[in-house]
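Please keep the sequence and the 3D view open while working through the numbered points.

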Amino acid sequence: MIHCFVFYETGDALNALKTNMADPNNVLQSWDPTLLHNIKCLPFREFSDLGNANLTGQLVPQLGSLPNLQYLMPDLNSKFQVLLKGTRCTLDVRTPMQGARTLLESFEVLTLSGTVPLCLVLRPDNNASIVGKVDMVLGNLTELVSLDLYLNKLTGDIPTTLGQLKKLRFLRLNNNSLVGTIPLSLTTIDTLQVLDLSNNGLVGDVPVNGSFSLFTPISFANNKLNNPPPAPPPPIPPTPPAQSGISSTGAIAGGVAAGAALLFAAPAIVLALWRKRKAPDHFFDVPAEEDPEVHLGQLKRFSLRELQVATDNFSNKNILGRGGFGKVYKGRLADGSLVAVKRLKEERTQGGELQFQTEVEMISMAVHRNLLRLRGFCMTPTERLLVYPFMVNGSVASCLRERSEFEPALDWAIRKRIALGAARGLAYLHDHCDPKIIHRDVKAANILLDEEFEAVVGDFGLAKLMDYKDTHVTTAVRGTIGHIAPEYLSTGKSSEKTDVFGYGVMLLELITGQRAFDLARLANDDDVMLLDWVKGLLKERKLETLVDSDLNGNYIDEEVEQLIQVALLCTQGTPMERPKMSEVVRMLEGDGLAERWEEWQKEEMVRQEFNQAHHYNHHQPNANWIIADSTSHIPPDELSGPR
Amino acid sequence: MGLLIVLLLTCAALPWASSDPSDEACLTHLSQTLKDPLKNLQNWTKSTFANPCSGFTSYLPGATCNNGRIYKLSLTNLSLQGSISPFLSNCTNLQSLDLSSNSISGTIPQDLQYLVNLAVLNLSSNRLEGEIPPQLTLCAYLNVIDLHDNLLTGQIPQELGLLARLSAFDVSYNKLSGPIPASLGNRSGALPRFNATSFEGNKDLYGYPLPPMKTKGLSVLAIVGIGLGSGLASLVLSFTGVCIWLKITEEKMAAEEGKVSQYMPDY
């Protein structure tokens with residue numbers, strides 16, 4: 001790295017200087033006189049090369065002809081005094097200072113020389129020092145870069161005019177006897193780099209502004225200044241480094257994660273809550289749409305809340321049974337009355353509200369001693385409920401087959417009454433309702449018993465309610481196996497006569513206490529269907545085997561036979577030949593059964609003669625049961641065909 | 001009387017104070033930790049360390065003296081390597097330390113805090129690592145802190161904003177992170193505030209005068225990922241839980257309902 005420290009216009013002066021110097025270390029070897037003529041840059045690696053080179057000798061006058069020579073400064077011992085790097089000083093070789101001089105004298109010498117000094121160093125030799133005051137006129141040396149007046153015996157104040165030295169970079173006034181305050185004008189010298197005012201008698205405050213910002217107590221040591229070191233800011237205990245960035249990031253991430261987790265888990269939680277509410281009762285409560293005071297004729301419209309309270313929130317413990325239309329719950333209303341609440345299956349509740357209301361109204365029109373009266377209903381957008389009075393004695397089926405040991409069996413008189421009551425109820429449905437109602441699922445389980453063991457037909461009207469297309473042809477056959485009339489099973493077409501068939505089977509259940517369809521009978525090699533089993537026994541004339549053993553023989557044979565006759569009439573294969581329910585009622589009341597039976601026996605006889613022409617032996621109308629095979633429900637004439 | 005003698009003695013000693021033992025230790029240790037592959041440090045010898053200054057004359061290249069003590073150390077652009085010795089703090093009169101434009105590595109010694117007269121600290125364009133020592137605040141006269149173009153990490157110490165005389169501050173082009181102390185980026189009153197050029201080139205530095213939260217430890221993408229991931233996980237978990245629970249309760253209910261006789265009245 002080559003620095004150009006010295007610029008000059010003629011090599012003669014330096015050449016003269018070189019020749020005049022004793023140079024034991026050969027540091028001036030590069031000062032080639034020929035080079036010095038041609039180049040304008042004197043290559044010194046570092047200034048200290050010279051400062052430390054122990055050069056001795058006399059300065060030559062020729063150096064005075066170097067107006068632009070910078071940096072070099074002789075001390076009073078005529079040694080090269082190398083100043084700070086970057087300092088620009090003018091060398092005035094005509095004034096070798098010897099002995100003590102006043103500063104004014106020195107300055108006069110300098111100005112008399114006719115050059116404007118850039119650098120002023122006044123240093124005494126070991127024997128002398130400059131005395132006097134720092135003169136105000138120093139402020140006129142505006143080109144001055146360095147002012148070194150240290151280690152003299154200067155007295156007085158530091159002149160304010162020194163602040164005019166706007167190019168000053170070095171100001172060293174230390175080790176004098178200066179007094180007074182530090183002029184504030186000094187702080188305006190922006191270029192000031194080095195300041196030393198130490199070891200004087202200065203008083204007052206130390207300025208801290210402007211260029212003085214750089215200067216530390218070292219520059220002001222050993223004075224009488226108020227607070228020599230401008231008070232440093234109190235040392236702060238190192239606070240723990242702020243982790244806000246990281247922690248806030250973590251907080252954001254955590255918050256986002258938690259939020260998302262909640263957001264995503266919310267559907268599941270909602271689902272869980274919904275199912276929890278829904279699972280036991282499958283209900284949506286929309287009470288706002290309900291007006292419990294609305295009555296449809298005799299019908300009360302219940303609120304869902306009411307029914308929820310009544311059934312203990314549709315608790316499973318209150319389930320009475322399950323039919324084709326939904327579960328039935330036992331409940332107790334606020335007035336203390338017991339009710340059975342039938343909850344229609346969800347898929348059945350898609351119909352319009354108006355339609356449902358109409359149908360319910362229709363059912364409620366069927367009011368009869370032997371029909372289960374509809375007390376009311378409940379309707380929400382998702383639920384349809386029907387409210388019936390609770391029947392304390394259950395159903396015929398449960399009384400026949402699920403009787404506990406403590407309950408007495410249904411005696412014969414009650415069974416007769418049940419047969420008549422059920423027939424009356426069905427007859428009313430068929431004949432006195434407009435439009436007529438076909439039950440389609442007549443069976444012992446659907447004949448309920450009130451507290452007086454009066455038959456009450458239940459579960460009617462719903463088929464129609466559920467099947468809004470007002471035809472008797474349903475997509476699915478409704479009914480219970482063993483009770484379904486053959487033509488209903490084969491054609492899907494139902495009529496009053498299908499109900500008559502079911503009623504007939506129900507009568508047989510009532511008499512025998514058996515199930516209409518019981519696979520258990522297979523074990524005894526008997527018929528699975530009750531009707532076939534009864535017919536088989538009748539052919540063998542085993543009436544005792546046929547009648548329910550629970551009766552313990554307490555029955556009248558004739559009446560049993562009559563009931564069986566009615567049952568058989570009702571279960572004829574051809575719907576046309578079955579009596580109407582109103583006829584059944586009359587027969588049971590003792591009117592016309594014998595005639596009807598006689599007639600049918602004759603017809604059967606003829607038919608059998610016709611079919612088994614030559615195998616027929618003799619005929620005893622009252623002694624022998626002539627019974628067509630129920631399974632051959634296709635009319636015999638169709639089998640044989642006309643001759 | 002005694003005080004006077006002491007004063008006289010010190011006064012007598014000052015003019016040509018020979019070498020200072022503290023400076024010698026300072027320079028010796030510094031020369032040991034600094035590496036000078038190109039031999040640019042001429043005269044950095046033990047004999048020079050013992051007597052670096054003669055009054056205002058420095059015999060040591062790069063060192064400047066005042067009153068027999070080193071007050072400025074300027075070793076710039078010399079291809080120096082190695083590290084900065086913590087014993088540099090023995091140069092107690094040091095007012096200016098300029099080691100810029102070298103290849104010095106290691107950390108900035110905390111012990112620089114003992115350079116109580118330090119006014120200029122320029123360590124720019126090196127390979128310095130680690131954090132900016134907050135203890136620099138104890139150098140109460142610091143006017144200039146220039147650390148730009150290094151490999152410094154961590155956050156900018158908040159305390160640096162308390163340096164009343166700080167007029168130049170540059171930490172640009174480092175690997176600093178975290179928020180810019182308000183006391184530096186948004187200073188009030190007569191204190192100069194430092195603009196974005198003092199802080200730019202630090203990927204993870206944010207806050208005025210730089211854009212707020214420019215980049216954080218976790219990118220937005222990562223946060224969204226975490227959120228979605230945990231959300232999906234909780235979704236799966238909660239639905240599984242709900243399904244299992246529903247299954248159990250349904251089975252219980254079915255078992256309960258199974259007790260209901262099929263021969264109950266049908267209504």
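1. What percentage of the 643 residues in chain A do buried residues make up? The model is a predicted one, and in it buried residues account for 49% of chain A. This chain contains 18 helices and 24 strands. Among the contacts in chain A with a separation of 6 or more, 59% are between residues 24 or more positions apart.

2. The next point concerns the nonpolar cores. The largest nonpolar core has 82 residues, and A:Ile418 and A:Tyr503 touch the most other members. Helix H9 of chain A, residues 412–431, contributes the most to this core, with 11 residues.

3. Leaving aside residues up to four places away in sequence, A:Ile418 touches A:Val396, A:Leu410, A:Ile447, A:Leu449, A:Phe453, A:Ala455 and A:Leu510.

4. Two packed helices are described by the angle between their axes and the distance between the axes. For helix H12 (residues 496–512) and helix H15 (residues 557–570) of chain A, the axes come within 7 Å and cross at roughly 150°. Angles over 145 degrees count as roughly antiparallel, so H12(A) is roughly antiparallel to H15(A). The crossing of H12(A) past H15(A) is left-handed. On H12(A), the contact involves A:Val500, A:Phe501, A:Tyr503, A:Gly504, A:Leu507, A:Leu508 and A:Ile511. On H15(A), it involves A:Val560, A:Leu563, A:Ile564, A:Val566, A:Ala567 and A:Cys570. A:Tyr503, in this contact, was also named above for the largest nonpolar core.

5. A:Asp312 is not a glycine, yet its phi is positive, at about 55°. A:Asn313, also a residue other than glycine, has a positive phi near 55°. A:Asp312 is in the loop between helix H6 (304–310) and strand S18 (319–323) of chain A, and A:Asn313 is found in the loop between H6 and S18.

6. In chain B, a cis peptide bond joins B:Tyr208 and B:Pro209, with omega about 5°. B:Pro209 is located in the loop between strand S12 (204–206) and helix H5 (220–258) of chain B.

Notes:
Residues numbered from 1 in each chain as written. Chains lettered and ligands numbered in written order. Predicted model: local features only at pLDDT ≥ 70, side-chain atom pairs only at ≥ 80, totals over all residues. Heavy atoms only, no water. Core = buried A, V, L, I, M, F, W, Y, C linked by side-chain atoms within 4.5 Å. Buried < 20%, exposed > 50% of the residue type's maximum accessible area, 1.4 Å probe, protein only. Helix = DSSP H or I, 4+ residues; strand = E, 2+ residues; numbered from the N terminus. Contact = heavy atoms within 4.5 Å. Axes fitted to C-alpha atoms, helices over the stretch in contact; angles between N-to-C directions. Parallel < 35°, antiparallel > 145°, perpendicular 65-115°, else oblique. Left-handed = near helix turned anticlockwise from the far one by under 90°.
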